[in-house]
Amino acid sequence: MKSSGYRIALLPGDGVGEEVAHDASLLLAAVGDKLGVAFAIDEIPCGGRYYLAHGRDWPADAHQRCADADAILLGAVGWPAPGGGPVTMTDAAGPDLAGKMAGWSPVIGNRLHFDLYANIRPVKCYPGTKHGISGRFASVWQPEHVDMVMIRENTEGLYSGRGHYEPASTAPSAITTTAIDERVITRAASEKVIRKAFEVSRARGKGAPGDGKKRVTCIVKNNVLWGCKLFHEVFLEVGEAYPDIEKDVAIVDAFAMFVLTQPERFDVCVTTNMFGDILTDLASVLQGGMGMAVGCNIGDRHAMFEPIHGSAPPLAGKDAANPMAMMLATAEMLRWLGARHADVRVTRGGDAIEAAVAALIAEGTCLTADLAGKAAGKKRSEVATQVVAQALARLG
């Protein structure tokens, strides 16, 4: 347990990321006061708007400030360029950043720099959640049927950064005929993330909602792709060390159907980077949408936590974004800190925040439009205030 408290690097980013980051800082201050734990917030500006003003997507000392923190909490990055699409960087930002979205450094850069090799996405449906299918609210699944963890490799795959246009010339007369992105799958990275998946299943202990079995599902396209063949081979090898956990394999396109039609079958799922990026957003439908989705970027020494809804520029400044994903990301961060430092105080704080979110959803009277419909939608700040109040009430 750290008697000196914890230093949190807060990366607000762009759009609604700034708004929910503000909510998270208020939540940490309130919970910290109640628990007797100091949270020192080091706020680091970043993202597309920062790039437009400064010619880089975050300050020069930002990586070191993140390294010095006990944990990193990210809002969201991405801002529209004047000609459409997100703001992208030029050579002036650095030779390795040219062409990348402004905000790459705090998101992908942190994942690579700190080897945050496991992107862990809890997919849990709280009682009272309404599911948006075809734009309509309907209770399709029983909440108890949805309680899985999806884990994707977080440092390579199609996000390895290896790609180019052909021809490679940047002359105005050059015509791009082909774009190539290289998908990199290594044994070392695959082994780390697959082992993490088995450890998460063992730690959860409760197994899949449908049958109570501890199960890890490997999601691949190993009937076609060489990288998936390797990922599957490593999955079988690592799995031998976990005889208490059932090993399951799903082809990625079939899994996209199964996760929506048979969610109760899944305990922990593990896959490669791009597959996981797509499938976890799909699975967010089961938990009420992207406003409830949390991403935990975990390494052996560092971790970064974030909501997955993005910067949503059209909602910026309207007090309309759902703050619950950021609140749940803060809860996950506190539980990670509690486990890492054997600090039951912050673990208790994380549990209280999740319980507060669950209580608000069950009550159904203080929800943003994405969960309650436009007519019944509350302001972001109203919902955030209620999460803080309920969390403090649970801390006594």
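This is a predicted model: local features need pLDDT of at least 70, side-chain atom pairs count only at pLDDT 80 or more; totals for chains, interfaces and linings use all residues.

Q: What about the span of α1 itself?
A: α1 covers residues 16–35, which is 20 residues. At 1.5 Å a residue it should span 28 Å, and its end C-alpha atoms are 28 Å apart, so the two agree.

Q: And how far apart are the end C-alpha atoms of α5?
A: They are 26 Å apart.

Q: Which residues of α5 are buried?
A: Ala189, Ser190, Val193, Ile194, Ala197, Phe198, Val200 and Ser201. Seen down the axis of α5, these buried residues fall within an arc of 165°, so they line one face of the helix.

Q: Which exposed residues sit on the face of α5 turned away from that?
A: Ala188 and Ala203.

Q: What comes just after α5?
A: Gly205, with a positive phi of about 75°.

Q: Switch to α8. Which of its residues are buried?
A: In α8 (residues 273–283) they are Asn273, Phe275, Gly276, Leu279, Thr280 and Ala283. Down the axis of α8 they fall within an arc of 145°, so they line one face of the helix.

Q: What covers them?
A: The cover includes β4, β7, β10, α6, α7 (252–261) and β12.

Q: Rings now. How many aromatic pairs in the whole structure?
A: A search finds five. Take Tyr6 and Phe39: the ring centres are 6.1 Å apart and the planes are at 25°, so the pair is stacked.

Q: Where do Tyr6 and Phe39 lie?
A: Tyr6 is in strand β1 (residues 6–13) and Phe39 in strand β2 (residues 39–43), so the pair ties together parts 33 residues apart in sequence. Both Tyr6 and Phe39 are buried.

Q: Are Phe198 and Tyr242 buried or exposed?
A: Phe198 is buried, at 0% relative accessible area. Tyr242 is buried too, at 3%.

Q: Which residues make up the ring cluster?
A: Phe198, Phe235 and Tyr242, linked by ring pairs.

Q: Which charges sit over rings?
A: The charged end of Arg49 sits over the ring of Trp79, 4.6 Å from its centre. Lys100 lies over the face of Trp104, 5.1 Å from the ring centre.

Q: What salt bridge does Arg49 form?
A: Arg49 pairs with Glu18, with the closest N and O atoms 2.3 Å apart. Arg49 lies in helix α2 (residues 48–54) and Glu18 in helix α1, so the bridge ties together parts 31 residues apart in sequence. Arg49 is partly exposed at 39% relative accessibility, and Glu18 is partly exposed at 34%.

Q: How many salt bridges in the whole structure?
A: The search finds 28.

Q: What does Arg152 pair with?
A: Asp277, with the closest N and O atoms at 3.7 Å. Arg152 lies in strand β7 and Asp277 in helix α8, so the pair ties together parts 125 residues apart in sequence. Arg152 is buried at 4%, whereas Asp277 is partly exposed at 22%.

Q: Which residues are linked in a network of salt bridges?
A: Lys124, Glu332, Arg335, Asp351 and Glu354.

Q: Last one. Where is Met292, and is it buried or exposed?
A: Met292 is in the loop between α8 and β13 (294–298). It is buried, at 2% relative accessible area. Leaving aside neighbours within four places in sequence, its contacts include Tyr126, Met324, Leu328 and Ile361.

Definitions and conventions. Residues are numbered from 1 along each chain as its sequence is written. Side-chain values use heavy atoms; hydrogens and water are left out. Helices (H or I, at least four residues) and strands (E, at least two) are DSSP runs, numbered from the N terminus. The expected span of a helix is 1.5 Å times one less than its number of residues. Buried means under 20% relative accessible area, exposed over 50%, partly exposed in between (1.4 Å probe, protein chains only). The arc is that of the directions from the helix axis to the C-beta atoms. Contact means heavy atoms within 4.5 Å. Rings of Phe, Tyr and Trp (its six-membered ring) pair if their centres lie within 6.5 Å; planes under 30 degrees apart count as stacked, over 60 as edge-to-face and the rest as tilted. A charge sits over a ring if NZ of Lys or CZ of Arg is within 6 Å of the ring centre and within 35 degrees of the ring normal. A salt bridge is a side-chain nitrogen of Lys or Arg within 4 Å of a carboxyl oxygen of Asp or Glu.
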